[in-house]
Amino acid sequence: MFLINLTYKTELKKIDQFLNEHITFLNEQYALEHFLASGPKIPRTGGIVLSKVENRALLEKIIEKDPFKINGLADYEITEFTASKTCEALKVLIE
């Protein structure tokens, strides 16, 4: 499993210009079951995505399609981890 930490590199006005395209990208990844959860950081300095793709190489290819990445609006930090404990509602995450 992967945690993707996006950090904006530009002002929110520029981010908002590409937000609808970014949401379309996210929706496509949810439909493909690549992403499990996502949302903005508070304060709004970027976002977080939880992904359960097979490997890091695939995830990096997916990220390359994000309009925020294409337009140089955000940095992406990828952390791989194994979910070893969850609440009952999230048991599906345990590998």
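Predicted model: local features only at pLDDT ≥ 70, side-chain atom pairs only at ≥ 80, totals over all residues.

Trainee: OK, so is Glu 33 buried or exposed?

Mentor: Glu 33 is exposed, because its relative accessible area is 63%. You'll find Glu 33 in the loop between α2 and β2.

Trainee: Switching to side chains. How many salt bridges does the structure hold?

Mentor: Three. Take Asp 75 with Lys 9, where the closest N and O atoms are 3.6 Å apart. Asp 75 is in strand β4 and Lys 9 in the loop between β1 and α1 (12-17), so this pair ties together parts that are 66 residues apart in sequence.

Trainee: How exposed are those two?

Mentor: Asp 75 is partly exposed at 42% relative accessible area, and Lys 9 is partly exposed at 48%.

Trainee: What about Arg 44, which partner does it have?

Mentor: Asp 16, in a salt bridge at 2.5 Å, N to O. Arg 44 belongs to the loop between β2 and β3 while Asp 16 is in helix α1, so the parts tied together here are 28 residues apart in sequence. Arg 44 is partly exposed, with 30%, and Asp 16 counts as partly exposed too, at 40%.

Trainee: And where does Glu 60 with Arg 56 lie?

Mentor: Both are in helix α3, four residues apart, or about one turn of the helix. Glu 60 is partly exposed at 37%, and Arg 56 at 36%.

Trainee: While we're on α3, which of its residues are buried?

Mentor: In α3 (residues 56-63), Leu 59, Ile 62 and Ile 63 are buried. They cover an arc of only 95 degrees around the axis, so they lie on the same side of α3.

Trainee: What do the buried residues of α3 pack against?

Mentor: Quite a list: β1, α2 (19-31), β2 (35-40), β3 (46-51), α4 and β4.

Trainee: I also spotted Gln 29. Is that one buried or exposed?

Mentor: Gln 29 is buried, because its relative accessible area is 4%, under the 20% cut-off. Gln 29 is found in helix α2. If you leave aside neighbours within four places in sequence, Gln 29 is in contact with His 34, Phe 35 and Ile 62.

Trainee: Now rings. How many aromatic pairs are there?

Mentor: The structure holds three aromatic pairs. In one of them, the rings of Tyr 8 and Phe 68 have centres 5.9 Å apart and planes at 90 degrees, so the pair is edge-to-face. That pair links distant parts of the chain, 60 residues apart: Tyr 8 in strand β1 (residues 2-8) and Phe 68 in helix α4 (residues 67-70).

Trainee: What about burial for Tyr 8 and Phe 68?

Mentor: Tyr 8 is buried at 16% relative accessible area, and Phe 68 counts as buried at 1%.

Trainee: How about Tyr 30 and Phe 35, what geometry does that pair have?

Mentor: Edge-to-face, with 6.2 Å centre to centre and 90 degrees between the planes. Tyr 30 counts as partly exposed at 29%, whereas Phe 35 is buried at 5%. Ring pairs link Phe 25, Tyr 30 and Phe 35 into a cluster.

Trainee: Last one: which residues make the nonpolar surface patch?

Mentor: Leu 3, Ile 48 and Phe 81, giving a patch of about 200 Å². Phe 81 is in the segment after β4 (74-80) and is partly exposed, with a relative accessible area of 33%.

Terms used. Residues numbered from 1 in each chain as written. Heavy atoms only, no water. Phe/Tyr/Trp six-rings, centres within 6.5 Å; stacked < 30°, edge-to-face > 60°. Helix = DSSP H or I, 4+ residues; strand = E, 2+ residues; numbered from the N terminus. Buried < 20%, exposed > 50% of the residue type's maximum accessible area, 1.4 Å probe, protein only. Patch = residues over 30% accessible without salt bridge, like charges linked within 9 Å, V, L, I, M, F, W, Y side chains within 5 Å. Areas by Shrake-Rupley, 256 points an atom, 1.4 Å probe, with all protein chains shown as cover. Salt bridge = Lys/Arg side-chain N within 4 Å of Asp/Glu carboxyl O. Arc of directions from axis to C-beta. Contact = heavy atoms within 4.5 Å.
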